[in-house]
Amino acid sequence: MVLIALLIALSIERLYHSPDALHWQFYLNRWQRWSAAKLHDEKWRSAPASFLRMMVPALFVGVLVLLLNNLLVTFLVSIGALLLAINCEPARVHYKAYLKAANRGDDEDSERHRQALADYSGLNNDALINQSLIWINYRQYLAVLFYFVLFGSFGALVYATFRVASDAEKRHESVDNSKSYWTRLLWFADWIPARLAGLGLLIVGHFSRALPVWIRLTTMPYSEPKKLLFEVAENAEDTPQHPDDKTEHATCQLKLMRRQQIFWVTVIAVLTLFGTIL
């Protein structure tokens with residue numbers, strides 16, 4: 001069931017343009033506005049209460065699935081949760097526009113779309129285009145996939161909640177973002193999945209060149225998940241680059257990430273065949 005739900009959700013996400021109403025952020029924002037209007041007491045503004053308020057929608061879905069305990073309902077909710085947690089449509093639009101602008105030599109327009117992708121990825125505005133694409137691909141597909149396999153629709157929605165809350169925190173805070181708790185929670189949530197994603201890059205890319213980098217960063221407990229992925233992807237890429245082509249490097253690294261998705265779906269299929277995953 002996990003594999004079928006995953007394949008259906010990925011197929012729908014790739015084939016159809018998803019409206020805003022099919023994104024987890026849409027429902028989280030509405031829930032936050034509604035609950036903030038109803039809960040006037042100062043105690044609801046504390047950090048623990050804000051955390052609980054943010055987690056309520058994901059908890060509600062998880063509890064609902066447990067109470068109903070119905071295979072068909074679980075299957076349908078799983079597909080819906082995956083579609084809500086995966087939201088690459090804005091990034092896809094900006095990436096296509098970036099390629100068109102870069103290919104016609106429009107530096108101003110390509111820079112505008114590069115910044116939009118950096119903002120969408122949650123990285124700094126000066127992030128390289130290939131870094132933004134790697135991080136978006138990881139956070140929107142791979143991390144969601146890992147949490148869905150482990151914890152079902154509840155896991156996928158919890159990760160999406162962390163991601164949305166961390167991005168909102170970065171946009172609205174002027175203080176040091178590394179000290180904000182949603183960002184720290186997301187760092188912990190990314191710790192193992194980013195290392196698994198790095199392992200996947202080794203297998204689908206240049207294994208011997210990227211292996212030392214992966215071992216070095218994986219064994220460093222405080223290494224940044226995004227730094228691990230960027231460095232491993234840089235070394236795992238096996239395609240020679242043309243210095244005059246501004247799009248080739250980003251395109252090659254995106255293809256590397258997509259091959260990795262196929263690798264992990266294949267792993268899930270094999271585990272399903274052996275009965276490890278239902």
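These exercises, each with a worked solution, walk through parts of a predicted model.

Residues are numbered from 1 along each chain as its sequence is written. Because the model is predicted, local features need pLDDT of at least 70 and side-chain atom pairs count only at pLDDT 80 or more, while totals for chains, interfaces and linings use all residues, and side-chain values use heavy atoms, with hydrogens and water left out.

**Exercise 1. Met-1**

Find where Met-1 is placed, and decide whether Met-1 is buried, partly exposed or exposed.

Solution. Begin with the position: Met-1 belongs to the segment before helix H1 (2–15), where helices (H or I, at least four residues) are DSSP runs numbered from the N terminus. Next take the relative accessible area, which is 31% for Met-1, so this residue is partly exposed; buried means under 20%, exposed over 50%, and partly exposed in between, with a 1.4 Å probe and protein chains only. Finally, leaving aside neighbours within four places in sequence, Met-1 is in contact with Leu-71, Thr-74, Phe-75 and Leu-278, contact being heavy atoms within 4.5 Å.

**Exercise 2. Helix H6**

Solution. After H6 comes Gly-122, which has a positive phi near 85°.

**Exercise 3. Aromatic rings**

Classify the ring pair formed by Tyr-147 and Phe-151.

Solution. A pair of aromatic rings is described by the distance of the centres and the angle of the planes. Rings of Phe, Tyr and Trp (its six-membered ring) pair if their centres lie within 6.5 Å, and planes under 30 degrees apart count as stacked, over 60 as edge-to-face and the rest as tilted. By this rule there are 12 aromatic pairs. In the pair of Tyr-147 and Phe-151, the centres are 6.3 Å apart and the planes stand at 25°, so the pair is stacked. Both residues lie in helix H7, 4 residues apart, which is about one turn of the helix. Tyr-147, at 17% relative accessibility, counts as buried. Elsewhere, ring pairs link Phe-51, Phe-162, Tyr-181 and Trp-182 into a cluster.

Note on methods. Helix = DSSP H or I, 4+ residues; strand = E, 2+ residues; numbered from the N terminus.
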